Amino acid sequence: MSRTDDDTWDITESVGATALSVARARAVETDAERPLYTDPYAHFFVERATAEGWRSPFLDEDPVRAQAMAAYIASRTKFFDDFFTTAGANGVDQAVILAAGLDTRAWRLPWIDRSTVYEIDQPKVLEFKERVLAEHRARPAARYAAVAVDLRHDWPTALRQAGFDPSTPTAWSAEGLLPYLPTAAQDALFEQIDAFSARGSHLSVEAFGEVFYSAEQLARRQERMAQVRRAAAEAGGPELPDVTRLWYLEARTDVAQWLTERGWEVSTIAAVDLMAHYQRPAPDGLEDPVPDTVLIDARKQ
Ligand SMILES: C[S@@+](CC[C@H](N)C(=O)[O-])C[C@H]1O[C@@H](n2cnc3c(N)ncnc32)[C@H](O)[C@@H]1O
């Protein structure tokens, strides 16, 4: 399952399946007694993929860790929801969701009039999403354009061809993406976002810190993953993927600092503080309960 420069995937394969894990966490939050948001489509994706043989890593073998990740993703989702709503309230009517996966913001957020939402992801991921949403007769709440292209390739040209206008302010998001990109592609991504961001643009990023990429934490994660995979195999279930093999574990540019140096006004919040703010703390007693991340909200002056 290791990565190659031009690898591609369907929704239940490789990096594609990580979008399903996020959808599953959003389905859990949607069913909570007092949810931070509701994503009525999340269940549809999970049901369809489960019917096609997918199963969520962690769920049965490590339910406490699955609960921690669900709390993390609930908080992260709320952060990005609020980011787009605020950008709209500031008159930004063009949005680009990078590595959109099964994100349904184009369908469920209150977009301002004449908004356009561009979603970038691999072709088969966007096809699965379109198919499931069409089956449920879901209609986007803004003009919507799917841009099926790999973010390691010439995505700026594909985005322009889909109608994106770099002269107008844009709200960008990069959620659940950066470890799946090589460092060079991550650096190129932010160079291009900066070049395509008119003054007044907003950018939100889930940025992964040094601890996340450290050899020590990786070893602990791989050991836990091996235990979960063994438990699943002993229970006679299908083979579980090892998500740690999908990341590019390379030294990274500090995104918040890089943006600040280019004149963006940047604010950050650590994941644990965000979770405390939303009253979704991870369960006590877990080692490395959630990824070492900061959530960035930046505006181009
Ligand atoms: C963890 S999921 C997050 C999906 C979405 N942002 C969310 O939070 O619901 C990662 C997503 O990144 C996409 N992705 C990763 N690398 C990519 C690449 N090189 N090009 C396009 N999409 C990519 C995957 O297909 C997958 O949908």
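Student: Which side-chain atoms of D150 come 2.9 Å from a nitrogen atom of the ligand?

Tutor: An N or O atom in the side chain of D150 does, at 2.9 Å from the ligand nitrogen. That is a polar contact, a pair of N or O atoms within 3.5 Å. This is a predicted model, where local features need pLDDT of at least 70, side-chain atom pairs count only at pLDDT 80 or more, and totals for chains, interfaces and linings use all residues. Residues are numbered from 1 along each chain as its sequence is written, and side-chain values use heavy atoms, with hydrogens and water left out.

Student: Which residues around the ligand come nearest?

Tutor: We count a residue if one of its heavy atoms lies within 4 Å of the molecule. Here there are 23, and R26, A99, D121, L151 and E175 come nearest. Helix α1 (residues 16-30) gives the most to this shell, four residues; helices are DSSP runs of H or I with at least four residues, and strands are runs of E with at least two.

Student: How do I read the sheet, and in what order do its strands stand?

Tutor: Two strands pair if DSSP finds at least two bridges between them. In this open, mixed sheet the seven strands run β3-β2-β1-β4-β5-β7-β6. β3 (143-148) and β6 (264-270) are at the edges with a single partner strand each, so one side of each has no neighbour in the sheet.

Student: In which sense do β1 and β2 pair?

Tutor: Strand β1 (residues 94-98) pairs with strand β2 (residues 116-121) in the parallel sense, over five bridges. L98 stands opposite I120 in β2.

Conventions: A polar contact is a pair of N or O atoms within 3.5 Å; within protein, one must be able to donate a hydrogen and the other to accept it, and residues adjacent in sequence count only if both atoms are side-chain atoms.
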